[in-house]
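Please read it alongside the sequence and the model.

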Amino acid sequence: METSLTLVVDAANVVGSVPDGWWRDRLGATSRLRDHLAVLARDGLEAPDAGPGTPRVRPGIVLVAEGKARGLESVEGVQVLDAPGEGDDEVVAVVGRLFAADPGRRVVVATADRGLQDRVRALGAGVMSARAVRHRRR
């Protein structure tokens, strides 16, 4: 199983991609997303841009939380980072730090925010939709 992929998740955008009442409990909704991501980290997933038959990927996962979703603890396989300000700015900063530490690393950002997609693509990251990360299964 490949291990060179880091998935950076824009928590607010991914949580908000499905109208399931997340706005009543942002921290709880982000906690459920973190737990879903922990399963993906443990069991691996199909590469976001790969075709059928491609080996599964066990990604490193960084979940960026902002606003009322801050304060969530990391779990095995998912590093949770609280954005000190805007979540988008922290996602961009995380992508930059990842590439600075390992220029050959593969980074994919999960967000539906087109402005954020443009910013991380300019750094060399790939993008996957917010809904896609919520619906990825083992």
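The crossing of α3 and α4 is right-handed, a crossing being called right-handed if the near helix is turned clockwise from the far one by less than a right angle, and left-handed if anticlockwise. Two packed helices are described by the angle between their axes and the distance between the axes. Here helix α3 (residues 87-101) and helix α4 (residues 114-123) pack at an angle of about 15°, with 10 Å between their axes; axes are lines fitted to C-alpha atoms, for helices over the stretch in contact, and angles run from 0 to 180 degrees between N-to-C directions. The two helices α3 and α4 are therefore roughly parallel to each other, a term that applies to angles under 35 degrees. Helices (H or I, at least four residues) and strands (E, at least two) are DSSP runs, numbered from the N terminus.

In α3, the residues D88, D89, V91, V92, V95, G96 and F99 meet L116, R119, V120 and L123 of α4, where contact means heavy atoms within 4.5 Å. The residues of this contact divide into seven nonpolar, one polar and three charged; Ala, Val, Leu, Ile, Met, Phe, Trp, Tyr, Cys and Pro count as nonpolar, Asp, Glu, Lys and Arg as charged, and the others, Gly among them, as polar.

This is a predicted model, in which local features need pLDDT of at least 70 and side-chain atom pairs count only at pLDDT 80 or more, while totals for chains, interfaces and linings use all residues. Residues are numbered from 1 along each chain as its sequence is written, and side-chain values use heavy atoms, with hydrogens and water left out.

| Residue | Relative accessibility | Class |
|---|---|---|
| E90 | 13% | buried |
| T6 | 6% | buried |
| G60 | 30% | partly exposed |

E90 is found in helix α3, and its side chain makes a polar contact of 3.2 Å with the side chain of R97; such a contact is a pair of N or O atoms within 3.5 Å, and within protein one must be able to donate a hydrogen and the other to accept it, while residues adjacent in sequence count only if both atoms are side-chain atoms. Leaving aside neighbours within four places in sequence, E90 is also in contact with residues including V64, L81, A83 and P84.

T6 lies in strand β1 (residues 5-10), and a polar contact of 3.0 Å joins its side chain to that of R105. G60, in strand β2 (residues 60-65), touches L5, T6 and L7, not counting residues up to four places away in sequence.

How values were computed:
Buried < 20%, exposed > 50% of the residue type's maximum accessible area, 1.4 Å probe, protein only. Parallel < 35°, antiparallel > 145°, perpendicular 65-115°, else oblique.
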